Amino acid sequence: MPRGAWLAVIALVLIVLPFGLKGYTIYVLSIAGANILAAVGLNLLMGYAGQVSIGQAAFLAIGGYTSALLMTRLGLEFWLAFPLAGLLTGATGLILFIPALRLSAIYLAIATLGFGAAVQQLIPLPYWSAIFGGHQGIKVPRPHLGSFVFDTDLELYYLTLVIVLVLLAMSWNVARSYIGRAFIALRDKPAAAEALGINPTRYKAYAFVLSAFLTGIAGALQAHLVGHISPGEFGLGKSIEIFAMVILGGIGSLPGSILGAVFLTFLPHWLEQAKLLYTFLYGAALVLVIIFMPYGVWGFFVRLYYRFPAMQKLFPKGA
Amino acid sequence: MLTVKNLSMRFGGLQALDKVSFTVSEGEIVGLIGPNGAGKTTVFNLISRLYEPTGGQILFRGEDLLKLRPHQIVEHGIVRTFQLLGLFPYMTVLENLLVGEHRDFGANPLAVALGLPSARRQEHDRRAQALWLLRFLKMEALADAFVFALPYGTQKLIELMRALLARPRLLLLDEPVAGMNAAEKAAMREFIKRINSDWGITVLLVEHDMNFVMGLCDRIIVLSYGRVIAEGRADEIQQNPEVIAAYLGEGISVART
């Protein structure tokens with residue numbers, strides 16, 4: 001089947017998917033959508049541009065609070081507040097870009113860790129608790145377009161679907177363009193990349209702004225889905241979770257990040273019955289995937305593809 | 001075209017280059033040779049601005065190269081290849097070639113993200129250019145192959161193609177035939193000759209294979225321990241006693257009792 005047909009099939013599946021599902025499952029699917037954007041945002045930064053960040057939760061928080069506050073405090077419409085939150089978060093990506101100019105991977109990881117911790121600590125300080133709501137956080141209004149309010153799980157799912165698909169298409173366009181190639185070139189052979197005219201400063205800035213933008217949108221989306229935001233959600237654990245989504249899905253592959261995000265969003269819900277063993281099973285699942293799929297879930301499928309000619313017939317190359 | 005004046009480079013206690021001076025004129029093929037550690041690649045790394053020299057000047061068409069940053073060199077028409085492959089291993093051949101055309105890209109990032117026609121057209125045109133070069137060398141079957149899976153000689157050729165797509169006036173080739181067999185070397189020699197004569201590209205190359213250098217270069221510069229010890233045509237260099245001493249060692253006659 002040609003590529004267009006595959007995309008149409010996928011779109012159709014996503015549209016009919018929620019029918020017959022419980023409201024709560026539809027809600028978790030929407031949350032997975034937000035996580036997909038966060039994972040893709042980190043993958044472009046880490047997998048493509050080679051810049052490690054374990055402070056991504058800070059961008060989620062900035063995006064979430066910004067969208068909520070633009071609506072409640074400045075009275076902006078959702079359709080304006082939401083993208084604006086992404087753009088403002090994108091601008092804060094430059095805060096990490098500055099240390100990235102001087103630091104190599106491991107040291108940069110520590111700097112981003114510090115950034116994540118600082119943002120999480122700053123939000124609940126008493127000086128501005130009238131705005132940010134301290135540790136309790138604040139209520140986040142439902143998304144709306146004019147007088148139509150996205151209120152039910154199903155309505156929120158379709159809104160999420162449109163937002164995620166649009167941003168995935170944009171991410172895909174960038175990843176496959178000269179910008180994505182410049183990221184990879186600088187990651188793998190910086191001297192050769194520069195000799196061909198790639199300005200490392202410019203493309204590092206692009207990577208951080210793009211990553212912060214996508215993560216900010218993810219944070220805003222999650223806040224509007226949940227209806228509430230508080231600093232407790234944005235600890236190191238959240239940053240590590242996004243990190244794990246990228247690694248499990250397959251670093252450097254955007255489809256992988258989608259799989260990784262969906263898998264790690266649903267895993268806790270599948271394991272809920274296990275109660276006391278929950279954390280153990282969660283950890284064990286991660287270890288098993290990493291041992292048996294060292295190139296991530298997507299890498300695993302790609303290798304299957306090359307091993308079995310039948311799959312190559314079913315999914316011709318380039319599809 | 002290229003003027004190197006009193007170029008010096010010191011790494012800690014090691015004087016890698018000591019007041020090296022030479023010129024390359026437009027249209028020439030010049031070989032830079034010398035024993036291991038003579039400083040040949042250091043000269044390349046200084047021209048491409050990877051290192052900051054401890055002294056001296058590099059001028060290219062009247063422009064002071066030392067004022068430029070590494071990514072600005074290509075805009076002035078100098079492109080290099082690397083001794084240990086500078087290809088991006090996890091990209092396909094075509095993608096590598098497209099990075100070679102980086103200076104001809106530059107669509108607005110927003111236009112790229114939104115997939116606007118201007119950005120698409122640019123990508124399309126650059127792809128067509130890269131595919132044209134692949135077809136020209138009868139290598140179009142390799143377009144979608146991953147670079148790391150290809151034979152070494154093929155990779156070397158692709159790196160040269162990538163450099164050509166960056167539209168060089170001066171091409172710096174660091175060991176273009178290292179690891180190649182005789183047939184590949186002959187093909188590479190013909191290709192470099194054509195690049196020079198048909199496309200008017202000036203070439204400065206570093207190479208250890210003496211037959212290759214002697215058969216290709218108009219002029220040869222010999223470096224030893226960071227100094228220029230000789231310069232001239234192939235036959236002049238072969239006769240030069242200092243060059244012979246530098247390559248074979250001065251004690252050679254004693255050893256041959």
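**A residue in chain B**

Guide: Leaving aside residues up to four places away in sequence, B:Leu205 touches B:Gly31, B:Leu32, B:Leu173 and B:Pro176; two residues are in contact if their C-beta atoms, placed from the backbone, lie within 7 Å. This is a predicted model, in which local features need pLDDT of at least 70 and side-chain atom pairs count only at pLDDT 80 or more, while totals for chains, interfaces and linings use all residues. Residues are numbered from 1 along each chain as its sequence is written, and chains are lettered from A and ligands numbered from 1 in the order in which they are written.

B:Leu205 belongs to strand β8 of chain B, residues 202-206. Helices (H or I, at least four residues) and strands (E, at least two) are DSSP runs, numbered from the N terminus. B:Leu205 counts as buried because it has 24 C-beta neighbours inside 10 Å; the term requires 20 or more other C-beta atoms within 10 Å of the residue's own, whereas 12 or fewer make a residue exposed and values in between partly exposed. The C-alpha atoms of B:Leu205 and B:Phe44 are separated by 9.2 Å, although these residues are 161 residues apart along the chain.

Among contacts in chain B between residues at least 6 apart in sequence, 67% join residues at least 24 apart. Along its principal axes, the C-alpha trace of chain B spans about 75 × 40 × 35 Å.
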